[in-house]
Amino acid sequence: MGDMATMQQNDTAARLSLRRGAGALMARASRKLAAMANAVEWESPAEAVHWGQRMPPRRLRDHLCGTVFLLDDFYVQSAVVEATRLSAQLGHLPGTAVLDVGSGLGRLVTGMLIEFGDDVDYLGIEPNREFYEWCVSHLESEHPSYRFRHIDIASELYNPQGAVDGAEVVLPVPDASIDVVYCWGVFTNAIPAHVARYISEFARVIRPGGKVFFTAYVEDDCPEVTFNPEDYVPFDLIVPLHVVRYSTEWLDDQLRTHGFQVLDHRYHGGMFPMQSEYTVSRTASS
Ligand SMILES: C[S@@+](CC[C@H](N)C(=O)[O-])C[C@H]1O[C@@H](n2cnc3c(N)ncnc32)[C@H](O)[C@@H]1O
């Protein structure tokens with residue numbers, strides 16, 4: 001018994017030390033990249049193309065919660081990584097219906113165009129009108145199989161004047177019509193009522209066997225929700241909802257309530273420090 005307790009203590013200490021080590025490395029890398037990003041020219045032409053892909057103006061990219069997105073190479077490479085995730089992890093095949101919730105500046109589409117071309121079934125939902133308009137005029141207009149919809153959801157960070165309450169939002173797709181829901185970097189900055197509503201909506205729209213991917217700040221042994229937690233991420237928290245952290249228990253409870261089981265949980269495995277990645281699907285009986 002004593003040996004078991006010692007082993008458990010050592011295991012916990014090792015995991016904590018690994019986590020701190022990984023966090024420090026990520027922090028150093030992102031500080032370096034952020035410094036490089038700060039050195040790039042701020043203004044970029046509206047019609048810029050990089051590696052054959054339309055590039056959103058840096059002025060808009062700066063709002064994606066990562067200064068590194070100002071670097072053209074990083075932006076396109078990260079897009080390809082996300083598109084590859086669709087096929088490698090989320091079962092994307094020709095004909096797969098993808099719903100991108102919080103599609104931002106269409107970063108996933110940039111990667112999908114490189115990986116899959118135009119033969120796709122894609123819908124992006126976005127509350128920020130400027131982001132949405134850029135996507136329509138620079139992505140959808142040239143590649144109409146990539147469709148975008150604006151929903152005026154209020155978000156203190158991205159759409160403060162929005163008229164739609166995120167706690168009551170209805171995704172504009174029929175029940176059981178979507179194979180992959182993709183939701184990168186949305187729960188990370190969303191209040192609990194919005195996260196809870198989305199999990200319920202995902203349960204409605206996902207087809208049997210479909211997969212839902214999202215990123216979030218989630219930790220054991222912390223309050224259900226903490227806004228801009230102190231001493232948590234290695235960057236300054238300067239805007240409301242910059243970081244919204246949930247307890248594992250709260251998130252698990254939301255998922256369970258709507259019949260989801262976790263297929264893959266990459267703790268702190270996200271692109272940015274402390275972000276975790278989840279892939280979930282609905283159980284056969286739910
Ligand atoms: C960090 S950005 C990520 C954008 C995109 N998913 C990507 O990977 O590049 C977060 C996006 O979520 C959108 N957003 C914020 N609150 C939302 C909500 N309640 N519903 C849908 N989208 C939301 C923001 O407008 C923003 O475009």
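I begin with the basis of the model and then take the cores and the rings in turn. This is a predicted model, in which local features need pLDDT of at least 70 and side-chain atom pairs pLDDT 80 or more, while totals for chains, interfaces and linings use all residues. Residues are numbered from 1 along each chain as its sequence is written, and side-chain values use heavy atoms, without hydrogens or water.

The largest nonpolar core has 36 residues. By such a core I mean buried Ala, Val, Leu, Ile, Met, Phe, Trp, Tyr and Cys residues joined through side-chain atoms within 4.5 Å; buried means under 20% relative accessible area, with a 1.4 Å probe and protein chains only. Among the residues with the most contacts inside this core are L99, F187 and F202. Helix α6 gives the most to it, with 6 residues; helices (H or I, at least four residues) and strands (E, at least two) are DSSP runs numbered from the N terminus. A second, separate core has 34 residues, including F74 and C135.

Turning to the rings, the structure holds 15 aromatic pairs, that is, Phe, Tyr or Trp rings (for Trp the six-membered one) with centres within 6.5 Å; planes under 30 degrees apart are stacked, over 60 edge-to-face and the rest tilted. F69 and W184 are edge-to-face, at 6.2 Å and 70°, and lie 115 residues apart in the chain. F69 is buried at 0% relative accessibility, as is W184 at 11%.

Key:
Buried < 20%, exposed > 50% of the residue type's maximum accessible area, 1.4 Å probe, protein only.
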